[in-house]
Amino acid sequence: MRITKAGLRDLEDYNVFSLYQKDVGKLFMVHGEMDSTAPPEDATRFAESSGAEIVMIPNAEHRLMGPGEMERVLSHAVAFYGKE
């Protein structure tokens with residue numbers, strides 16, 4: 001794997017651990033259990049450190065575009081926003 005300076009800058013520019021500000025309100029995440037772009041372990045660690053509620057979708061990849069996955073995301077989002 002070749003890692004370029006531009007690639008490292010991109011990672012830093014989009015590093016949620018350094019960008020997240022706790023004063024934005026409640027945070028909710030839906031994440032694919034089989035995500036190879038953003039590892040589930042990192043998503044779980046971020047959720048724990050930020051106080052976010054997280055739902056893992058079994059066998060789902062990063063884009064959550066498998067059969068029925070978008071419907072599950074929508075269902076979880078509606079339930080989360082309905083709590084307010």
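The expected span of a helix is 1.5 Å times one less than its number of residues. Helices (H or I, at least four residues) and strands (E, at least two) are DSSP runs, numbered from the N terminus. The model is predicted: local features need pLDDT of at least 70, side-chain atom pairs count only at pLDDT 80 or more, and totals for chains, interfaces and linings use all residues. Residues are numbered from 1 along each chain as its sequence is written, and side-chain values use heavy atoms, with hydrogens and water left out.

**View 1. Helix α4 (residues 69–82).** The 14 residues of α4 should span 20 Å at 1.5 Å a residue, and the end C-alpha atoms are 20 Å apart, which agrees.

**View 2. D35 in the loop between β1 (28–32) and α3 (40–50).** The side chain of D35 reaches the backbone nitrogen of A38 at 2.8 Å. Leaving aside neighbours within four places in sequence, D35 is in contact with P40, A60, E61 and H62.

**View 3. N59 and L64 in the loop between β2 and α4.** N59, not a glycine, has a positive phi of about 60°. Its relative accessibility is 59%, so N59 counts as exposed. L64 also has a positive phi, near 50°, but counts as buried at 10% relative accessibility.

Terms used. A polar contact is a pair of N or O atoms within 3.5 Å; within protein, one must be able to donate a hydrogen and the other to accept it, and residues adjacent in sequence count only if both atoms are side-chain atoms. Contact means heavy atoms within 4.5 Å. Buried means under 20% relative accessible area, exposed over 50%, partly exposed in between (1.4 Å probe, protein chains only).
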